[in-house]
Amino acid sequence: MVEELLTAGIAAAVGIAAYAGAAARVVKQYERGVVFRFGRLREGVRGPGFTMVVPFVDRLRKVNMQIVTMPVPAQEGITRDNVTVRVDAVVYFKVVDAASAVIEVEDYRFAVSQMAQTSLRSIIGKSDLDDLLSNREQLNQGLELMIDSPAVGWGVQIDRVEIKDVSLPETMKRSMARQAEADRERRARVINADAELQASKKLAQAAEVMSEQPAALQLRLLQTVVAVAAEKNSTLVLPFPVELLRFLERAAPPPAPPPEPPPATPAAPPATPDPDPAPPSLTGPKAPQLPAADLPGAEPGGDLPREED
């Protein structure tokens, strides 16, 4: 009798242990348990910790309540300004209602993924290329709203949606590079012109001040010469400004007055010309005439000798 009782007690203990082993369940802290009894949902979601179900009658399904990071495959589309792009994104979501996530949708992960891809293609078609490149915050909010609207009925909450990358064709990249280069060159020219304008105003003010003090211009010239001569690698040609020459001209002593010329002597009266001048000889120079007394053979009294026939 005792042995029978002992055997029955052991069998009951083994049965209880087997039942407890089959009925015991452990739900982790980041999970929630949904119990189905003969296929019908039991009210109440099992929280984290140790819980019991009826073996072979109840079925416990665990649902992860952590935030899920799901990459969205790159979607190719045409923007509103007719540019072909490839855009990929990432979706952050979590389950807020474990029962709805199990009952309302077959696979909430796959459903969220497909909804994200469809919404991303829709956003691409409604946006311009500039919005995809520079106005991503607004596009992320619109994409999040489009995905979150149907996901609310699935017990899923979209936490955040981010557009990761926008791939452009090579021709579009080159065009944008040329546009950016032209815009930067335009801004550089505007900045240079503005700097020239400001410098011209300052130079005009400096010239006005220097015009009041001529020595300031000379000091400025000397400063420039010192700055250039400090390099010692070039030939310095020093020009003389007109102001310096004028300054030296004013500083030079006045020249001495020229000496007075001597008084002029009265001029002699012009000689009266001979009324009957002798005609010049045609045969040669005229021989000098001698007095008759000095000629050979001359008689006293001044008569010339006669020629004999």
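**Exercise 1. Find which backbone nitrogen the side chain of Asp107 reaches at the start of α3.**

Solution. A side-chain oxygen of Asp107 comes to within 3.3 Å of the backbone nitrogen of Arg109, at the start of α3. Helices (H or I, at least four residues) and strands (E, at least two) are DSSP runs, numbered from the N terminus. This is a predicted model, where local features need pLDDT of at least 70, side-chain atom pairs count only at pLDDT 80 or more, and totals for chains, interfaces and linings use all residues. Residues are numbered from 1 along each chain as its sequence is written, and side-chain values use heavy atoms, with hydrogens and water left out.

**Exercise 2. Check the span of helix α3.**

Solution. Step one: helix α3 covers residues 108–126, which is 19 residues. Step two: the expected span is 1.5 Å times one less than the number of residues. That gives 27 Å. Step three: the end C-alpha atoms of α3 are 27 Å apart, so the two values agree.

**Exercise 3. List buried residues of α3 and say what they pack against.**

Solution. Buried means under 20% relative accessible area (1.4 Å probe, protein chains only). In α3, the buried residues include Ala116, Leu120, Ile123 and Ile124. An α-helix has 3.6 residues a turn, so residues three or four places apart point the same way. The buried residues of α3 pack against β5 (58–64), β6 (68–78), β7 (84–95), α2 (98–103), α5 and β8.

**Exercise 4. Describe the surroundings of Ile163.**

Solution. Start with its place: Ile163 sits in strand β8 (residues 156–167). Its relative accessible area is 5%, so Ile163 is buried. Now look for contacts (heavy atoms within 4.5 Å). Beyond its neighbours within four places in sequence, Ile163 contacts Val87, Asp88, Ala89, Arg136, Leu139 and Asn140. Take Val87: 76 residues separate it from Ile163 in sequence, yet their C-alpha atoms are 7.2 Å apart.

**Exercise 5. Find the polar partner of the Asn140 side chain.**

Solution. Asn140 belongs to helix α5 (residues 136–151). Its relative accessible area is 5%, so Asn140 is buried. Leaving out residues up to four places away in sequence, Asn140 touches Val161, Glu162 and Ile163. The polar partner is Glu162: the two side chains make a polar contact at 3.1 Å. Such a contact is a pair of N or O atoms within 3.5 Å; within protein, one must be able to donate a hydrogen and the other to accept it, and residues adjacent in sequence count only if both atoms are side-chain atoms.

**Exercise 6. Give the counts of helices and strands.**

Solution. The protein has eight helices and eight strands. Of its 309 residues, 20% are buried.

Technical notes
Buried means under 20% relative accessible area, exposed over 50%, partly exposed in between (1.4 Å probe, protein chains only).
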